[in-house]
Amino acid sequence: GLVVTSTKTLWMLDARKDPSKPKVVASGASPDGRFIHANLWPRGGKDKMLLVGGETSGAGCSDPEGGAFMTWDATQVSGRTAKTKRFRLLDSYRVPEATLQQGGAAVTETYCSHWFTTRPGWKDGGDVAIGWYENGTRFVDVSPKGKITQTGYFTPAGTSASAAYWVS
């Protein structure tokens, strides 16, 4: 009955008592009001980070400042010690502007992250696979403090990736 929305302002809602009138439990917004496309709170909401993907529609999606993959601090949201009940943006990652010869991006540039999954064994950090449209599948490492670093990519010519899944 707990829901985290994928909206410009992230909302955590408690719909357990009355789904037609959920209670706002927590919220968070990026300083630039960017669009949120997807979110994942690893380990069923027990992780200290919320993982979030952004997508920009239209011409903005080809802007290097478009959709990003982000980490958000969730330590003030869950647990008995939580006081502020706010998600706080920790870090953002966007693919670098590139060509096939310069970093693995396809000729058509779309700078929007899409569906992503954590590698099995994730706990307060680890590896994430992200579908990034014409920029292929991106692999990032998330540190325990939420810092995002690209560790690899796979961009086959003439294709697009909208999701990436770990197979265990």
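Two strands pair if DSSP finds at least two bridges between them. Helices (H or I, at least four residues) and strands (E, at least two) are DSSP runs, numbered from the N terminus. The model is predicted: local features need pLDDT of at least 70 and side-chain atom pairs count only at pLDDT 80 or more, while totals for chains, interfaces and linings use all residues. Residues are numbered from 1 along each chain as its sequence is written, and side-chain values use heavy atoms, with hydrogens and water left out.

**Exercise 1. The elements of the chain**

State how many helices and strands the chain has, and give the order of its elements.

Solution. 
Step 1. The chain has 1 helix and 11 strands.
Step 2. Read from the N terminus, the order of elements is β-β-β-β-α-β-β-β-β-β-β-β.
Step 3. Buried residues (under 20% relative accessible area, with exposed over 50% and partly exposed in between; 1.4 Å probe, protein chains only) make up 46% of the 168 residues of the chain.

**Exercise 2. From β1 to β3**

Describe how β1 pairs with β2, and how β2 pairs with β3.

Solution. 
Step 1. A hairpin through 4 residues joins β1 to β2.
Step 2. The pairing of β1 with β2 (residues 9–14) is antiparallel and spans 3 bridges; in it, V4 stands opposite M12 of β2.
Step 3. β2 also pairs with β3 (residues 23–29), in the antiparallel sense and over 6 bridges.
Step 4. Here L13 has V24 in β3 as its bridge partner.

**Exercise 3. The sheet that contains β4**

Give the strand order of the open sheet that contains β4, and identify its edge strands.

Solution. 
Step 1. This open sheet of 4 strands has the order β4-β5-β6-β7, with antiparallel pairing.
Step 2. Its edge strands, each pairing on one side only, are β4 (38–40) and β7 (88–93).
Step 3. Neighbouring strands of the sheet are turned by 25° against each other on average, direction ignored. For such angles, axes are lines fitted to C-alpha atoms, for helices over the stretch in contact, and angles run from 0 to 180 degrees between N-to-C directions.
Step 4. β6 (residues 69–73) and β7 form an antiparallel pair over 5 bridges, in which W72 is bridged to L89 of β7.

**Exercise 4. The sheet that contains β10**

Give the strand order of the open sheet that contains β10. Then determine whether R138 is buried or exposed.

Solution. 
Step 1. The order of this open sheet of 4 strands is β8-β9-β10-β11, again with antiparallel pairing.
Step 2. The edge strands are β8 (116–118) and β11 (148–154), each of which pairs on one side only. From one strand to the next, the twist averages 25°.
Step 3. β9 (residues 126–131) pairs with β10 over 6 bridges in the antiparallel sense, and G131 stands opposite T137 in β10.
Step 4. β10 and β11 likewise pair in the antiparallel sense over 6 bridges, with V140 opposite Q150 in β11.
Step 5. In the hairpin of β10 and β11, 5 residues lie between the strands, and G146 takes a positive phi near 90°.
Step 6. R138 belongs to strand β10 (residues 137–142). R138 counts as buried because its relative accessibility is 1%.
Step 7. The side chain of R138 makes a polar contact with the side chain of Q150 at 3.0 Å. A polar contact is a pair of N or O atoms within 3.5 Å; within protein, one must be able to donate a hydrogen and the other to accept it, and residues adjacent in sequence count only if both atoms are side-chain atoms.

**Exercise 5. An exposed loop residue**

Explain why G121 counts as exposed.

Solution. 
Step 1. G121 is located in the loop between β8 and β9.
Step 2. G121 counts as exposed because its relative accessibility is 74%.
Step 3. G121 and R43 are 78 residues apart in sequence, yet 9.6 Å apart in space, C-alpha to C-alpha.

**Exercise 6. The largest pocket**

Which elements each supply at least two residues of the lining of the largest pocket?

Solution. 
Step 1. On a 1 Å grid over the protein atoms alone, a pocket is an open set of points with protein on both sides within 12 Å along at least five of seven lines, and lining residues have an atom within 4 Å of a point; a cavity, by contrast, is a set of points where a 1.4 Å probe fits but cannot get out.
Step 2. The largest pocket has a volume of about 210 Å³. Of the 11 residues that line it, L2, M12, W41, G44 and G45 are the closest to its centre. Grid points are joined across faces, edges and corners, and a volume is the space filled by probe spheres set on the points.
Step 3. β1 (2–4) and α1 (42–45) each supply at least two lining residues; the largest share, 3 residues, comes from β1.
Step 4. By class, the lining has 6 nonpolar, 4 polar and 1 charged residues. Ala, Val, Leu, Ile, Met, Phe, Trp, Tyr, Cys and Pro count as nonpolar, Asp, Glu, Lys and Arg as charged, and the others, Gly among them, as polar.
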